Amino acid sequence: MWCLVCLLQSRKASFDRRLIHATTRNIKTAILLSPGPVANHLTTRSMSSSFKVAVTKPKFLAAATQLQDAGMGLLVILNAISASSHVFVKKPPCDMVYLAHANSDLFSLEEYERQYGLAPFSYVTLAMQNVLVELGYVRAEDFKVQTLQRRIRAPKEEEVQNAIC
């Protein structure tokens with residue numbers, strides 16, 4: 001029994017340490033360095049295991065608002081039937097050159113460029129991506145092309161022959 005209590009106390013202590021690391025600065029870095037041209041609350045939580053449990057939606061919104069005020073992107077609210085989703089649309093790397101130099105403690109331009117070119121986490125759904133493209137917040141080229149197109153497989157030759165017969 002004593003060992004179980006010690007184990008639980010040590011887990012609580014490590015959980016408390018993770019909460020300490022969830023500073024606004026760390027959350028802003030996680031937003032900027034999340035893969036793809038956009039980030040939301042869930043992608044930010046997934047970025048770093050050292051503070052992922054502590055990134056709440058209000059903390060994400062506060063950090064994203066500060067990034068927007070600094071000119072590093074735009075916080076967009078996508079209204080859906082069931083709920084609204086807050087998405088931070090990052091500026092393209094070519095527009096971040098001066099801001100990367102001025103905010104070198106948050107991110108490096110090389111890392112930002114590399115992450116921006118990746119496909120976003122699955123938390124940024126295909127529907128969200130399509131809406132952002134349709135509204136003009138993001139260019140379709142900024143997302144990986146295969147994520148924007150429906151994946152329809154071509155019928156196999158034997159399926160075509162069976163359909164004809």
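Is tyrosine 112 buried or exposed, and what is its relative accessible area? Tyrosine 112 is buried, with a relative accessible area of 0%. (Buried means under 20% relative accessible area, exposed over 50%, partly exposed in between, with a 1.4 Å probe and protein chains only.)

1. **Basis.** This is a predicted model: local features need pLDDT of at least 70, side-chain atom pairs count only at pLDDT 80 or more, and totals for chains, interfaces and linings use all residues. Residues are numbered from 1 along each chain as its sequence is written, and side-chain values use heavy atoms, with hydrogens and water left out.

2. **Aromatic pairs.** Searching the whole structure gives two aromatic pairs. Phenylalanine 107 and tyrosine 112 make a tilted one, 5.4 Å centre to centre with 45° between the planes. (Rings of Phe, Tyr and Trp, taking its six-membered ring, pair if their centres lie within 6.5 Å; planes under 30 degrees apart count as stacked, over 60 as edge-to-face and the rest as tilted.) Tyrosine 112 and tyrosine 116 have ring centres 6.0 Å apart and planes at 35°, so this pair is tilted. Phe107, Tyr112 and Tyr116 form one aromatic cluster.

3. Phenylalanine 107 is buried, at a relative accessible area of 3%. Tyrosine 112 and tyrosine 116 are buried too.

4. **Spacing in helix 6.** Tyrosine 112 and tyrosine 116 sit four residues apart in helix 6 (residues 109-116), so about one helical turn separates them. (Helices, H or I with at least four residues, and strands, E with at least two, are DSSP runs numbered from the N terminus.) An α-helix has 3.6 residues a turn, so residues three or four places apart point the same way.

5. **Two sides of helix 6.** Leu109, Tyr112, Gln115 and Tyr116 are the buried residues of helix 6. They cover an arc of only 130° around the axis, so they lie on the same side of helix 6. (The arc is that of the directions from the helix axis to the C-beta atoms.) Glu110 and Arg114 are exposed on the other side.

6. **Partners of helix 6.** Its buried residues pack against helix 2 (24-32), helix 3 (41-47), strand 3 (84-90) and helix 5 (97-102). (Contact means heavy atoms within 4.5 Å.)

7. **Helix 2 and helix 4.** Residues of helix 2, among them Ile27 and Ile31, meet residues of helix 4 that include Phe60 and Leu67. By class, this contact has seven nonpolar, two polar and two charged residues. (Ala, Val, Leu, Ile, Met, Phe, Trp, Tyr, Cys and Pro count as nonpolar, Asp, Glu, Lys and Arg as charged, and the others, Gly among them, as polar.)
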